[in-house]
Amino acid sequence: MTDYKELIKSFTKEDYLSGRVNLHIHTNYSDGLAEFGDIVMQAKEKGYKYISITDHNTVNGHLDHPLYTNLIPGVEFDVWYKYIFLHLLAYGIDINSNFMKPFYSKNKTGTEKDIVRFFSRRNIKNLIEAIHKSGGIAVLAHPACCWALNPDKFIKGLKQIGLDGIEIYYPYPRWRKYIKFAQADEYEKLADKYNLIKTGGTDLHSKNL
């Protein structure tokens, strides 16, 4: 059985920046354009070491395609922490875990409509506990886009309730290139300060890797 936490910890900055590893990809199981299987085939053809498909609030793609190798189970949850809306990536979870089922969207609208996802009522502490009980790790996605007035206090608080990592290496695509509340390197320093795993990915929503 793969120890996904140790595997992800082994990835380097160069793995992410060179494109050998991409742990943030969406398909048409949520708000992406690509077919799940097509993304996996592209990754194989282009020589990726590992990818993770992290559709919003659902693992249905993983349930429908259980036999792919070099694919890390993943999902991206919409959740609030105090006054801050954020995206929480879960990696390496048992996709059949009963602990996770209460947190998945009940319909397609909850995986692709921004306005629906914004009003998520997931409890972040309970979500992180469920991720851990399901064998996974919890990683804060694109942190510079979180409206945290005090990034240090923000990360310290999340660490206290079980956060395992921060997504550091990513390009801020689409609207995120314009809406930033901090610099990415500030969060890289906080990851070091609080001994958090550093991950990366492109937040892909298009058809091609």
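Helices (H or I, at least four residues) and strands (E, at least two) are DSSP runs, numbered from the N terminus. The legends below describe a predicted model, in which local features need pLDDT of at least 70 and side-chain atom pairs count only at pLDDT 80 or more, while totals for chains, interfaces and linings use all residues. Residues are numbered from 1 along each chain as its sequence is written, and side-chain values use heavy atoms, with hydrogens and water left out.

**View 1. The chain has 9 helices and 7 strands.** Of its 209 residues, 53% are buried (under 20% relative accessible area; exposed is over 50% and partly exposed in between, with a 1.4 Å probe and protein chains only). Contact here means heavy atoms within 4.5 Å. Of the contacts between residues at least 6 apart in sequence, 72% join residues at least 24 apart.

**View 2. Phenylalanine 11 and tyrosine 50 form one of the 7 aromatic pairs found in the whole structure.** Rings of Phe, Tyr and Trp (its six-membered ring) pair if their centres lie within 6.5 Å; planes under 30 degrees apart count as stacked, over 60 as edge-to-face and the rest as tilted. In this pair the centres are 5.6 Å apart and the planes stand at 40°, so the pair is tilted. Phenylalanine 11 sits in the loop between helix H1 (4-10) and helix H2 (13-17), whereas tyrosine 50 belongs to strand E2 (residues 50-53), so the pair links parts of the chain 39 residues apart. Phenylalanine 11 is buried, at 8% relative accessible area, while tyrosine 50 is partly exposed, at 23%. Both rings belong to one aromatic cluster, made up of Phe11, Tyr16, Tyr50 and Tyr169.

**View 3. Tyrosine 29 and phenylalanine 36 make an edge-to-face pair.** Their ring centres lie 5.9 Å apart, with 85° between the planes. Tyrosine 29 is partly exposed at 22% relative accessible area, and phenylalanine 36 is buried at 1%.

**View 4. Helix H3 (residues 36-45) has buried residues covered by other elements.** The buried residues of H3 are Phe36, Gly37, Ile39, Val40, Gln42 and Ala43. An α-helix has 3.6 residues a turn, so residues three or four places apart point the same way. The cover over the buried residues of H3 includes strand E1 (21-25), E2, helix H4 (60-64) and E3. Glycine 47 follows H3 and has a positive phi, near 80°.

**View 5. Cysteine 145 and cysteine 146 are not joined in a disulfide.** The structure holds 0 disulfides (pairs of cysteine sulfur atoms within 2.5 Å). For cysteine 145, the closest cysteine sulfur is that of cysteine 146, at 7.1 Å, which is too far for a bond. Cysteine 145 is buried, with 12% relative accessibility, and cysteine 146 is also buried, with 3%.

**View 6. The second largest pocket has a volume of about 380 Å³.** On a 1 Å grid over the protein atoms alone, a pocket is an open set of points where a 1.4 Å probe fits, with protein on both sides within 12 Å along at least five of seven lines; lining residues have an atom within 4 Å of a point. Grid points are joined across faces, edges and corners, and the volume is the space filled by probe spheres set on the points. The lining holds 19 residues, and Tyr4, Leu71, Ile72, Pro73 and Ile93 lie nearest the centre. Strand E3 (residues 71-81) gives the largest share of the lining, 3 residues. By type, the lining has 10 nonpolar residues (Ala, Val, Leu, Ile, Met, Phe, Trp, Tyr, Cys and Pro), 1 charged (Asp, Glu, Lys and Arg) and 8 polar (the others, Gly among them).
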